Number of protein chains: 2
Amino acid sequence: MDSELQLIERLRAILEQDPAGTGPAEVVIASGDDAAVTVPPGATATSVDSLVEGVHFRRDTASLRSVGHKALASALSDLAAMGAEAGEAYVQLGVPGDLAEEEADELAWGLAGCARGAGVRVLGGDVSRAPVLWLAVTVVGHAGRADSLVSRGGAQPGDIVVVTGELGGAAAGLVLLERPELGAGLAAEVAEGLRARQLEPAPRLAEGAALAAAGATAMIDLSDGIASDAAHLAAASKVRLVVGLDRLPLADGLEELSTAAGMEAVELAATGGEDYELLATVPEEAAEALKAMAAPPTVVGRVEDSAGLSLVAGDGTERRNLRGFDQLRAPRSPRDRA
Amino acid sequence: MDSELQLIERLRAILEQDPAGTGPAEVVIASGDDAAVTVPPGATATSVDSLVEGVHFRRDTASLRSVGHKALASALSDLAAMGAEAGEAYVQLGVPGDLAEEEADELAWGLAGCARGAGVRVLGGDVSRAPVLWLAVTVVGHAGRADSLVSRGGAQPGDIVVVTGELGGAAAGLVLLERPELGAGLAAEVAEGLRARQLEPAPRLAEGAALAAAGATAMIDLSDGIASDAAHLAAASKVRLVVGLDRLPLADGLEELSTAAGMEAVELAATGGEDYELLATVPEEAAEALKAMAAPPTVVGRVEDSAGLSLVAGDGTERRNLRGFDQLRAPRSPRDRA
């Protein structure tokens, strides 16, 4: 086991090699001093996220490269949900005594890979001994003006509800990782795509920026599943969201895998979580503008007066038994075993 | 045990009640959204710090109010060491299943008390289940311009070396908390002062700003002890620091307590850590300006060519056996048992 300073040097060597290009903020002092110093271009958006061994992942089954990637990706997903341009990251690690140097390197490579993909620089961090491995990530994003960032609170009755990408892939990937035999009927590249959704999710930064530019009134990322996250957005905006479950865009291979597993595809899509797609509300007149996006989002519902979330099945009945994920209550949910 | 959302609401109710006044950055969106949104006034300084149960504190002996206070104070101390004005904080918590609601409240009150004292707003956070209690804090400070912030790297041969306040008090306070009988010879208020240095350290934000304004060329906070931290500053500045151990300002009561404990006062002062005072290098011609500070710092040494740190005893001999604290190697150092 390295000493604290040796370990920090190992991690810095990986995280600062081949740094992403010039970000939105000028970086005056990077890591190694008491604090990192930047000059942001305007407004900043800051978010934090943690992953804990034994809660969010298990070291005996998870690749630490994937753990590093996901810790940063899930934090950056919150910046995507503001429409912010990602800038800097800070990583705090709890390091158990039995973590091998190669494991620490894997973790750092996962963080570095995600950072590079998102154009983010890791500017600082902290290492403590700890009984289990944990990562606490802070990310900072930027926008020229604060009012070009999109909160959860601006949805208006009459808006349409859209989601980016496809849902359920991360949950299906987890099923496949735990029970590979269920993928026998899937094409190899489809199965690989589902596993990648689980292991290396991509924060939807470009999509978030495009939705913000198109006039999104509210936005949230789908970390815990639309059944939970759409309810948060509805509560923050003091409106009701009505979402058609049969309109949810399903990940390629999800239906086949769900059938093989004896599960319901739409339940995985609505409650599985970890897809890190974006849910946004948009004025109806902006719907045309969305079609110009590189990957146009899918219209899944509408915003109404009153309060709450209605998940409506294809036959028009409301599904009330679909719930999102609560970290302190549900230790055996898919996200826990990622 | 609260659910995740209930616990977050409890913590927010405490942390956002009576928020500090208008900070240096405009706060556009506080906690509860995907990210907090601010408009910083110029340059930002960002630092992170963690406390882990069983490593930095034990729940059976530490007051959780003190733990919350220290977690934020130690992070803010890094901003003080840049000469930054403190602005915002983000707190990530790992919460074990046996943490009582009253314990969570105590922790939040400790964080809130430190935040209020420093004029800091807690703008966001995150709660995860975890096997032990841990806190990962991110703090953001501000300055009009990046070049008014002070790094560790600018010390010049010929500069004088100064420290704020008094050293050794936090280590003495820890000795007193563990062996109260050793304080029999101390006045009650002196003993209380030493315990407070250990339990509720104050980040030296005003002192850091004053030292920056006076032209400090380099600065670092004394979290691990001058024997370690001065060496970091020397390395970053590529100079040698020569510090007179008999010139270190000793905390009131430290000598009596050291004698009672059979320890050496200067060793506690140089290696005990957690004093969170500031060490700065200042051009000799600025020495007069320091005397105008509300609490003038003490001159403890000088900067020379070559590299490293010399700790020189009163008789002129160099002490080579004094070492600072390395978190991964030294589980039984004072800081570990705070």
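Helices (H or I, at least four residues) and strands (E, at least two) are taken as DSSP runs, numbered from the N terminus. The model is predicted, with local features needing pLDDT of at least 70 and side-chain atom pairs pLDDT 80 or more, whereas totals for chains, interfaces and linings use all residues. Residues are numbered from 1 along each chain as its sequence is written, chains are lettered from A in the order in which they are written, and side-chain values use heavy atoms, without hydrogens or water.

In chain B, helix H2 comprises 17 residues, 64-80, and spans 24 Å from first to last C-alpha, close to the expected 24 Å; the expected span is 1.5 Å times one less than the number of residues. Of the 17 residues of H2(B), 16 are buried (under 20% relative accessible area, 1.4 Å probe, protein chains only). The N-terminal end of H2(B) is capped by B:Ser63, with a side-chain oxygen 3.2 Å from the backbone nitrogen of B:Arg65.

Chain B and chain A each contribute 63 residues to their contact (heavy atoms within 4.5 Å). About 4900 Å² is buried between the two chains, 56% of it on carbon and sulfur atoms; this area is the accessible area (1.4 Å probe) lost on being put together, summed over both parts. Between the chains there are 4 salt bridges (a side-chain nitrogen of Lys or Arg within 4 Å of a carboxyl oxygen of Asp or Glu). B:Arg152 forms a salt bridge with A:Asp33, with the closest N and O atoms 3.9 Å apart. On the side of chain B that touches chain A, strand S3 (residues 43-52) gives the most, with 9 residues.

Conventions: Buried < 20%, exposed > 50% of the residue type's maximum accessible area, 1.4 Å probe, protein only. Polar contact = N/O pair within 3.5 Å; in protein donor to acceptor, adjacent residues only side chain to side chain.
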